[in-house]
Amino acid sequence: NYGGGQSTGGGSSSSGGYGGYGGGPQQQPGQGFAQPHQQAPGDSYANTSSFGQQQQQQQQQQQQSWNQPQQQPQQFISPAVATAAMGLVGQTLAGGNQTGQQQAMMGLAENAALDMINKQKERFFPGVENLKGSLRRYFAVDNQYVLSKIKRVLVPFVYKQWDRMEQGNHEHISYALPVNDENAPDLYLPCMSLITYVLLCAILYGTAGKFDPEVLPDVTTKCFVTQLLEVGLIRFGFYMMQANTSFLDLLAFTGYKYVGLCLNMLVGLLVGHVFGGGQRSYYVCFLWTASAASFFMMKTMDNAIPQQVVSGNGVPKRQVMVLLFAASQFATMWFVSQTRLL
């Protein structure tokens, strides 16, 4: 019956059993299992292309992960602190003195705190360390340098040597520190002179019975703003001459005028309190100190400006600029003088 396919019952069963799948061809004898579903050629190509794109994206992500630098774990404790901690642990295991252990632990905690503070400061203020390194050389002074510098500022007419001491070779020339060269600029003497001058002005207002706490910031602001404007003008003059200079050097050179201002105010207070006529004595002393400050600036700028500066074609003459820089000391010292109550 199966071979001939003529049985009505068998044929009906076959037609009813296998013909229900979408009216397709009847299953041949011996085919008891259904054939696997075959995809069209277009579907096979689409699946292969999608798989290739996914594989390519995974390779690109892996390549990017290789190219990115791996972040190093942040070190919260420096190697020096770690070494100290290991030494403390070894001392504790060896049964060291309790007082020594406490001191070591306090030192370890202090080192760890300082190390963390320095790291956070460098993180939030990246230029602080560089600024400290630049300012440190301007405060490398001693008592002998301060005395020599005061003499040079107040009586510069007797000095013949104004060249700064150079160090290093011809390729990398650097200048000596103020402690080793009295011609080197410093910021210690200008800062201390400015503070002293402000305090002397406060004494002047106090002796006249008109002291006000606002005198201190007013005099300080007037002096500092005037000096900054002076430094800006001198820096512009250097720019016109196409010469290089340091802002801190100019700030130091223009700050030596406060030494003469302190002497003027001191003479005016003493003479005015003892003999009277403090304002007259102030201006007599002012003529000397202002002339000395101008001569000091002239010699300093003459040494700071290179001799190879080319004049003409819109470039001012070197000698004219040096004289203008020297005259600025006379003008600024007169402007910041406090003589109204003498």
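Tutor: In this predicted model, a nonpolar patch on the surface is formed by F139, Y188, M192, I195, L199, F211 and L216, and together they have about 630 Å² of accessible area. Helix 7, residues 188-207, gives the most to the patch, with four residues. M192 is found in helix 7.

The cysteines come next. C191 also counts as partly exposed, at 32% relative accessibility. C223, in contrast, counts as buried, because its relative accessibility is 2%. The closest cysteine sulfur to that of C223 is in C201, 6.7 Å away, which is too far for a bond, since a disulfide needs the two sulfur atoms within 2.5 Å. The structure holds zero disulfides.

The largest nonpolar core has 28 residues, and F238, Y256, M301 and F325 have the most contacts inside it. Two or more residues each come from helix 6 (143-154), helix 8 (215-240), helix 9 (247-255), helix 11 (278-304) and helix 12 (318-335). Helix 9 gives the most to this core, with five residues. A second, separate core has 22 residues, with Y205, Y258, Y282 and L341 among them.

To return to F325 of the largest core: when neighbours within four places in sequence are left aside, F325 is in contact with I234, G237, F238, M241, M297, M301 and I305. Of these partners, F238 and M301 are also listed with the most contacts inside the core.

Terms used:
Residues numbered from 1 in each chain as written. Predicted model: local features only at pLDDT ≥ 70, side-chain atom pairs only at ≥ 80, totals over all residues. Heavy atoms only, no water. Patch = residues over 30% accessible without salt bridge, like charges linked within 9 Å, V, L, I, M, F, W, Y side chains within 5 Å. Areas by Shrake-Rupley, 256 points an atom, 1.4 Å probe, with all protein chains shown as cover. Salt bridge = Lys/Arg side-chain N within 4 Å of Asp/Glu carboxyl O. Buried < 20%, exposed > 50% of the residue type's maximum accessible area, 1.4 Å probe, protein only. Core = buried A, V, L, I, M, F, W, Y, C linked by side-chain atoms within 4.5 Å. Contact = heavy atoms within 4.5 Å.
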